[in-house]
Amino acid sequence: LLLAVPKTVSGQAPPVPPEPPVTTTTDNHDWIVVTIGIALQEEQPNQLQGEDLDRYEGLQMLQMFVNSEAQAQADEQNLFFLPNGKRIFMKLEVRNVTGMLGSMVRLQLMSAYEDMDRAGVPLFIGPFAEYMEGKEVMSAVSGVLGSQKPMMFTGDFSLEKQTARVSSASPLDPFRNVFTVGMDIDQTMVDGLSSILAAWGNSTEKYRQPSMVVAVGCANIADMEECQREFRMCNQAILRGNDMGFNMIQRHLFEDTSLPDVLQKMKILGPDVFVACVSRDKAVNIAVTARALSFTPKFMIMTQGTSEYFTNAVGASNANYVMGPSSWDENSVPEDAGTTSCPNRIFAGASGFISGYQRLFGRKPTSYAASVVAAGLALLGAVEQAGKSNPTSEDIKQGLLNMTMCTFYRTLKFGPQQTLEDAKAYTTQVQPLHESHSQAERYANSVVKTIKTGDLPLFPMPTWQEKALEVYPCEVGYYLNVSGCAQCPAGTARPSVELYCADCEVGYFNEKTGQSSCLNCPKGASCRTVGVVTPPSEADYYRLPLPKKGLPLTGRSGLTHTGPYYKVCHAFTCAGDNVCIGGNAGVMCKKCKPGYYTKGMTLKVKNGICQPCNNVNLIASAVMVVVCYGL
């Protein structure tokens with residue numbers, strides 16, 4: 001069972017499953033061991049993440065349950081045994097990817113020529129990447145001596161190509177032993193488009209034809225082999241979409257560097273439906289770029305758009321309303337699975353698989369983990385079906401073709417094309433949590449819902465800002481930071497239609513924190529810049545200090561009049577912002593500075609501008625002198 005896993009970024013070290021019993025070269029023990037080899041780019045499994053980590057953890061979990069003595073005591077009928085009573089154990093081996101081919105050949109030769117009790121039954125899953133042909137692997141293994149060829153399992157597949165491959169394979173062709181447990185990629189997007197049409201026909205838009213654009217992302221357009229899975233998915237969406245009644249207005253094949261330009265062109269076209277067949281990282285880049293460009297189609301469906309990786313990377317609020325295909329639906333296990341006549345093997349239905357995975361790894365399993373466990377169960381069941389301690393590849397192949405196994409995944413029954421008879425793709429959509437949850441929970445988490453027959457997806461997709469506001473955890477006047485919800489600073493406000501605190505516009509101000517709106521600038525006040533907290537007075541106006549009880553700047557009773565801003569009695573005595581001009585000073589600029597006087601024999605300026613005392617006539621009276629000294 002060979003699993004090829006690409007290089008990934010460092011993650012958590014998973015728990016170590018129990019090892020099977022140690023075999024000997026004699027035949028006096030009561031078990032056999034099925035060897036499962038996993039080929040990794042890195043030697044250390046704790047450097048995995050994403051789909052690769054999902055698959056590795058899935059096989060770890062399967063080994064743990066298959067080899068568990070507690071499981072054997074609790075429900076022995078769900079374990080694997082040969083007719084002679086020998087128990088089937090599972091052993092997980094890790095190989096560097098550079099040694100993958102050599103490991104396969106070595107295990108194959110051991111199967112053919114060495115004592116099976118020591119070597120174990122070598123079965124292979126892989127390459128278990130989506131729609132990998134495994135040409136190099138198969139070509140290398142095809143040179144192995146002997147009649148046995150490895151049993152291979154792949155993930156998602158093309159039924160058309162799989163049928164042609166199986167029907168044309170010669171007895172010596174290693175491709176004749178390729179089985180699949182994934183979904184038919186030719187139909188992956190068709191179910192999703194049908195769901196979209198159903199929602200469209202139930203809306204006010206039903207009288208016009210929905211428009212659609214399709215994008216296929218490749219790291220290197222020159223190397224089409226690299227993205228043939230994505231290309232084939234979207235090609236079928238194009239072909240079937242036209243037949244179904246969509247108006248295909250454009251299609252794109254793009255590299256990462258051209259993504260902004262491609263989405264900008266699509267935004268100008270304004271499609272109703274955006275279909276993207278891309279890797280998980282490109283799906284994240286599309287969401288981030290689409291939000292930055294405010295590109296919001298009514299439907300967005302991407303091949304990786306509902307994965308846990310995507311939701312965690314872009315945030316729950318951004319992932320909401322995005323649709324995508326899945327090979328497994330935990331709520332759509334066939335009705336005959338788990339009955340008395342057909343009990344689930346190892347796991348007590350989908351709930352048992354999910355709870356077990358959560359206990360081990362602290363999160364729900366993805367469809368990738370589920371599908372690789374299903375492949376492992378199928379091969380273990382095939383060894384059991386073969387009924388031999390040393391089965392040949394043909395024995396195991398016939399075991400797979402004759403097997404009907406009820407599992408948490410679905411009923412494992414393979415047709416003549418060596419694909420599951422129930423190899424359908426499910427359409428899923430990321431949706432906000434129900435309103436019964438707190439806003440904090442709704443902002444941080446989403447739920448992936450399967451769009452079943454008769455159900456309709458949420459439609460239309462709101463703008464990116466509207467999606468965030470739908471689940472925003474903070475009240476108006478507050479914004480979200482790393483510590484939680486915080487009050488908007490003075491000079492800013494956040495109304496219900498915004499995500500962030502915005503500076504008060506010109507003509508408005510805000511002295512308080514945590515406000516949902518800014519106030520009109522009072523007459524006599526200056527709000528000529530953005531973000532004004534306490535507006536200064538205009539020229540010829542003076543702002544009096546607020547009384548202790550507090551007088552709002554908009555005046556008594558909140559009316560917008562002069563409030564504490566008063567027009568001075570004489571023009572050209574106040575420059576604004578309570579700054580007096582020339583020799584004028586004091587409240588309302590009604591006093592003179594020392595060395596200044598005003599006309600009239602008084603200590604206060606009533607209707608004049610203070611003048612320097614050096615312009616005073618020499619015959620001025622003593623009273624005038626007193627005025628010049630500012631007494």
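Is Lys161 buried, exposed or partly exposed? Lys161 is partly exposed, with a relative accessible area of 33%. Keep in mind that what you are looking at is a predicted model. To find this lysine, go to helix H6, which covers residues 159–168. Another residue to look up from there is Gln417: Lys161 and Gln417 are 256 residues apart in sequence, yet their C-alpha atoms are 9.7 Å apart in space.

**Disulfides**

Now for the cysteines. A disulfide is a covalent bond between the sulfur atoms of two cysteines. This structure holds seven disulfides, and here are three of them.

| Pair | S to S distance | Angle about the S-S bond |
|---|---|---|
| Cys488 and Cys501 | 2.0 Å | -75 degrees |
| Cys580 and Cys589 | 2.1 Å | -95 degrees |
| Cys592 and Cys610 | 1.9 Å | -90 degrees |

Let's start with Cys488 and Cys501, whose link is left-handed. Cys488 sits in the loop between strand S17 (484–487) and strand S18 (492–493), while Cys501 sits in the loop between S18 and strand S19 (502–503), so the pair ties together parts that are 13 residues apart in sequence.

Next come Cys580 and Cys589. Their link is left-handed, and both Cys580 and Cys589 are buried.

The link of Cys592 and Cys610 is left-handed too. This pair joins distant parts of the chain: Cys592 belongs to strand S27 (residues 591–592), and Cys610 to the loop between strand S28 (596–597) and strand S29 (611–612), 18 residues apart. Cys610 has a relative accessibility of 4%, so it counts as buried.

What about Cys574? Cys574 takes part in no disulfide, and the nearest cysteine sulfur, that of Cys589, is 4.2 Å away.

In soluble globular proteins, nonpolar side chains tend to be buried together. Here, the largest nonpolar core has 50 residues, and those with the most contacts inside it are Phe347, Phe353, Leu377 and Phe408. Several helices and strands each supply at least two residues of this core: strand S2 (31–40), helix H1 (50–67), strand S3 (87–96), helix H13 (349–361), helix H14 (367–386) and helix H15 (393–402). Of these, H14 gives the most, with 12 residues.

Phe347 is a handy place to look around. Setting aside its neighbours within four places in sequence, Phe347 is in contact with Met61, Leu62, Phe65, Phe353, Val373 and Phe408. There is also a second, separate core of 26 residues, which includes Phe254, Val278, Phe310 and Ala319.

**A pair of helices**

Finally, take a look at helix H9 (residues 259–269) and helix H10 (residues 280–293). H9 and H10 pack at an angle of about 55 degrees, with their axes 10 Å apart. The two helices are therefore oblique to each other, and their crossing is right-handed. Which residues meet where H9 and H10 pack? On the H9 side they are Leu259, Pro260, Leu263, Gln264 and Lys267, and on the H10 side Asn285, Ile286, Thr289, Ala290 and Leu293.

Technical notes. Residues are numbered from 1 along each chain as its sequence is written. This is a predicted model: local features need pLDDT of at least 70, side-chain atom pairs count only at pLDDT 80 or more; totals for chains, interfaces and linings use all residues. Side-chain values use heavy atoms; hydrogens and water are left out. A disulfide is a pair of cysteine sulfur atoms within 2.5 Å. Helices (H or I, at least four residues) and strands (E, at least two) are DSSP runs, numbered from the N terminus. Buried means under 20% relative accessible area, exposed over 50%, partly exposed in between (1.4 Å probe, protein chains only). A nonpolar core is a set of buried Ala, Val, Leu, Ile, Met, Phe, Trp, Tyr and Cys residues joined through side-chain atoms within 4.5 Å. Contact means heavy atoms within 4.5 Å. Axes are lines fitted to C-alpha atoms, for helices over the stretch in contact, and angles run from 0 to 180 degrees between N-to-C directions. Angles under 35 degrees count as roughly parallel, over 145 as roughly antiparallel, 65 to 115 as roughly perpendicular and the rest as oblique. A crossing is left-handed if the near helix is turned anticlockwise from the far one by less than a right angle, and right-handed if clockwise.
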